[in-house]
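Hi,

Here is the structure I promised to pass on. Have a look at it first, and then read my notes below.

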Amino acid sequence: MHKRLTILGLESSCDDTAAAVVRHDEGAPAEILSSQVFGQIDLHADFGGVVPEIAARAHAEKLDHVVEDALRVAGVTLQDIDAIAVTAGPGLIGGVLSGVMCAKGLAAGAGLPLIGVNHLAGHALTPRLTDQLEFPYLMLLVSGGHCQFLIAHSATEFQRLGGTIDDAPGEAFDKVAKLLALPQPGGPNVEQAALSGDATRFKLPRPLLDREGCDMSFSGLKTAVLRERDKLIAAQGGLYQQDQNDLSASFQVAVADVLTEKTRRALAQYMAQSPTRPAIAVAGGVAANKTIRAALTGLAQAENVSFIAPPLALCTDNAAMIAWVGIERFRLNLIDDMTLAARPRWPLDMTAPAMLGSGKRGAKA
Ligand code: KG4
Ligand code: ZN
């Protein structure tokens, strides 16, 4: 039954309105028939961060259109769809609600099953969509709102080994961009500036490396960049482009060092619990960073484990990952009904103690 599944996915938990159609024949690689993303960067540009009310309105206005686009590009109609999957949390509640309401309307109108998806599961299961990775594996989820190490045991069972106790790295990239007067989103712009920078010019801290385990902290690193910037401004009356580039490069390599060392420890923790060597997979917007990818690739080679990093467009927020979780859940018979609730907070590992911190991207998990 249902050997072939075609699922429409919807994502609207932060500042991207996205819809995608993914098809999967059992035992074969999945096919992304379409993946439409409407980003809201321009709408929030004047505010230095995502404004939840503006985001929610934009999602409500755009969702119908991205759904139409996703169906058209995929060359299918709702009659070809087996179920509607939608991000039901965690995230900015106005946006999540817009998506859930839209999905309920589509499911009710077309008589299709509805599947609520955890956004973090979307990121964490992406390596199965792109690389058919088998469970269990070690996952580093690293984005604007989240940073955690997970063992993915199954499509529904995730064990959190550690995570950030304050900012997520993407948030730190965004804040560093702001204080260096680089445009948002910070990640790609800091990465671009760092290309012409000297990563050894500033000695920035590597927070929490002195603490055992794989918890992380990025807020002190951002403050250290602020201090170096202010010293330069006091000494020379302003910031030269070379200073921006060198600070960007020094910050980026510090983030890469922390992520790499903590990944090494997460791997050790994994292997202390289970004698097998897992594949390491990474996902989330920060996984698009080439310096960080290269550092993690080097670690995986040194540790003799395989390293899976999805293509950049599937690292940042998208709806193909939501459709994919829909496929995994459909195959497990995990279907929701019209009582599906939108949740601002929704940890993947319900048994792990809550992490500290909360950033501009809204509720954490
Ligand atoms: O996964 P994502 O699209 O949204 C969240 O769920 O947060 O991640 C967005 C975050 C932003 O903070 C952005 O600055 C960061 O990912 N990012 C990057 C890069 N591209 C995006 N950070 C570092 N380097 C990049 N190339
Ligand atoms: Zn995300």
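To get you started: in which loop does Ala181 lie? Ala181 is in the loop between H5 and H6; helices here are DSSP runs of H or I with at least four residues, strands are runs of E with at least two, and both are numbered from the N terminus.

Some housekeeping before the rest. This is a predicted model, where local features need pLDDT of at least 70, side-chain atom pairs count only at pLDDT 80 or more, and totals for chains, interfaces and linings use all residues. Residues are numbered from 1 along each chain as its sequence is written, chains are lettered from A and ligands numbered from 1 in the order in which they are written, and side-chain values use heavy atoms, with hydrogens and water left out.

**The ligand**

Ligand 1 has 21 residues around it, and Gly144, Asp174, Gly187, Glu191 and Gly285 come nearest (a residue is near if one of its heavy atoms lies within 4 Å). Where does ligand 1 sit relative to domain 1 and domain 2? Both domain 1 (4–130 + 316–363) and domain 2 (135–312) give residues to the shell, so ligand 1 lies between them; the bounds come from an automatic or database domain assignment.

Helices H4 (119–131), H5 (169–179) and H6 (186–194) each supply at least two residues of that shell, and H6 gives the most, with 4 residues. By class, the shell has 5 nonpolar, 12 polar and 4 charged residues. Here Ala, Val, Leu, Ile, Met, Phe, Trp, Tyr, Cys and Pro count as nonpolar, Asp, Glu, Lys and Arg as charged, and the others, Gly among them, as polar.

Now zoom in on the oxygen atoms of ligand 1. A polar side-chain atom of Ser143 lies 3.4 Å from one of them. For Gly170, a backbone N or O atom is 3.1 Å from a ligand oxygen, and for Gly285 the value is 3.0 Å, again from a backbone N or O atom. The protein covers 94% of the 550 Å² of accessible area that ligand 1 has on its own (Shrake-Rupley method, 1.4 Å probe).

**The core**

The largest nonpolar core has 47 residues, and Phe218, Phe251 and Leu259 have the most contacts inside it. Such a core is a set of buried Ala, Val, Leu, Ile, Met, Phe, Trp, Tyr and Cys residues joined through side-chain atoms within 4.5 Å. Helix H8 (241–273) is among the elements that supply at least two residues, and H8 gives the most, with 10 residues.

**Some single residues**

Thr87 is in strand E4 (residues 83–89) and is buried, with a relative accessible area of 1%. (Buried means under 20%, exposed over 50%, partly exposed in between, with a 1.4 Å probe and protein chains only.) The side chain of Thr87 makes a polar contact with the side chain of Glu11 at 2.6 Å; that term means a pair of N or O atoms within 3.5 Å, where within protein one must be able to donate a hydrogen and the other to accept it, and residues adjacent in sequence count only if both atoms are side-chain atoms.

Most residues other than glycine have a negative phi, and most peptide bonds are trans. Ala181, though not a glycine, has a positive phi of about 60°, and Ala181 is exposed at 66%. A cis peptide bond joins Gln184 and Pro185, with omega about -5°, and Pro185 is also in the loop between H5 and H6.

Cheers
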